[in-house]
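Hi,

Here is the structure I promised to pass on.

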Amino acid sequence: MREDKIIESYTGVTPQRKKSKVPAKLDFWQSATGLFLGLFMLAHLLFVSSILISKEAMYKVTKFFEGSMIFGEAGEPRLVSIIVAIVIIALVVHAFLALRKFPINYKQFLALRVHKDLMKHGDTSYWAIQAATGFAIFFLAMPHVFIMLTQPENIGPSASSYRFYHQDFYLLYALLLFAVEFHGSIGLYRLCIKWGWFEGLGIKALRAIKLALTAFCLILGIASYVAYMQIGHGLDGDKSIKEYRIIDEHTQGKGE
């Protein structure tokens, strides 16, 4: 068995002289995890942007993910931790699989840059942007998802705004917003091209949809960003985030 793997690693074919199916399987799982994360990105953006409707709307969304329909108004924050854990696993697996296609030395990087500049091909430029933003997301997303994993009870219109403004997370979120929206929209577009989804629309239409999706996500994300900053600015920085969680429960929970 070990000898078979050695032969496959050097030649790219199995001892039975069949082309290895491993790269195709890895591509499938890279696409599957990418699709999951891309759709989660869109859903997360919509949930977070509920703050634009009202504080109460954002609070109700938070309690929904804490299982308020099952556990009552108190909810169960650990359900959020479970969701975040699944996202972390998908993120790590996706990043690991995507690393296979990154240029790993100067020669490969030079070949990519020359190819991109000579061809002036839009999809090649998209791939370069996706690679750069994906690399950034792996580092930028970890502080955020770690907080969500370990402190799921500290999510709410006031508590989240407090963390956003008074704990300086706005610095992280500004970078993460642009990296995620560009990476996710390009990724969904490239999945459509790779697997032939919606091919009847034509590549020009798909590119137009991709640009519209990027613009929509950025506009909605920036508007939500400003809303959290405004709410956070009005909060007392001398109080703790847990105090604001209690305030959320006693005000928004009662619809006040």
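Along the sequence, the protein chain reads α-α-α-α-α-α-α-α-α-α-α. That comes to eleven helices and zero strands, where helices (H or I, at least four residues) and strands (E, at least two) are DSSP runs numbered from the N terminus. Taken along the principal axes, the C-alpha atoms fill a box of roughly 70 × 45 × 40 Å.

Some ground rules: this is a predicted model, in which local features need pLDDT of at least 70, side-chain atom pairs count only at pLDDT 80 or more, and totals for chains, interfaces and linings use all residues. Residues are numbered from 1 along each chain as its sequence is written, and side-chain values use heavy atoms, with hydrogens and water left out.

On confidence, the chain averages a pLDDT (the predictor's confidence in each residue, from 0 to 100) of 89, and 91% of the residues score at least 70. Helix 10 has the highest mean among the elements, at 96, while helix 1 (residues 2-11) has the lowest, at 59. Where pLDDT is low, the predicted coordinates should not be read in detail.

Now for helix 8 (residues 157-166), which packs against helix 11 (residues 241-251) at about 155 degrees, with the axes 7 Å apart. Axes here are lines fitted to C-alpha atoms, for helices over the stretch in contact, and angles run from 0 to 180 degrees between N-to-C directions. The two helices are therefore roughly antiparallel (over 145 degrees; under 35 would be roughly parallel, 65 to 115 roughly perpendicular and the rest oblique). Pro157, Ser158, Ala159, Tyr162 and Arg163 of helix 8 make the contact (heavy atoms within 4.5 Å) with Ile241, Tyr244, Arg245 and Asp248 of helix 11.

Helix 8 also meets helix 10 (residues 203-233): their axes come within 8 Å and cross at roughly 90 degrees. That makes the pair roughly perpendicular. On the helix 8 side, the residues involved include Pro157, Phe164 and Tyr165, and on the helix 10 side they include Tyr225, Met229 and Ile231.

Last, helix 6 (residues 106-119). At its start, a side-chain oxygen of asparagine 105 reaches to within 3.2 Å of the backbone nitrogen of lysine 107. Lysine 120 follows helix 6, with a positive phi near 50 degrees.

Cheers

Methods. A polar contact is a pair of N or O atoms within 3.5 Å; within protein, one must be able to donate a hydrogen and the other to accept it, and residues adjacent in sequence count only if both atoms are side-chain atoms.
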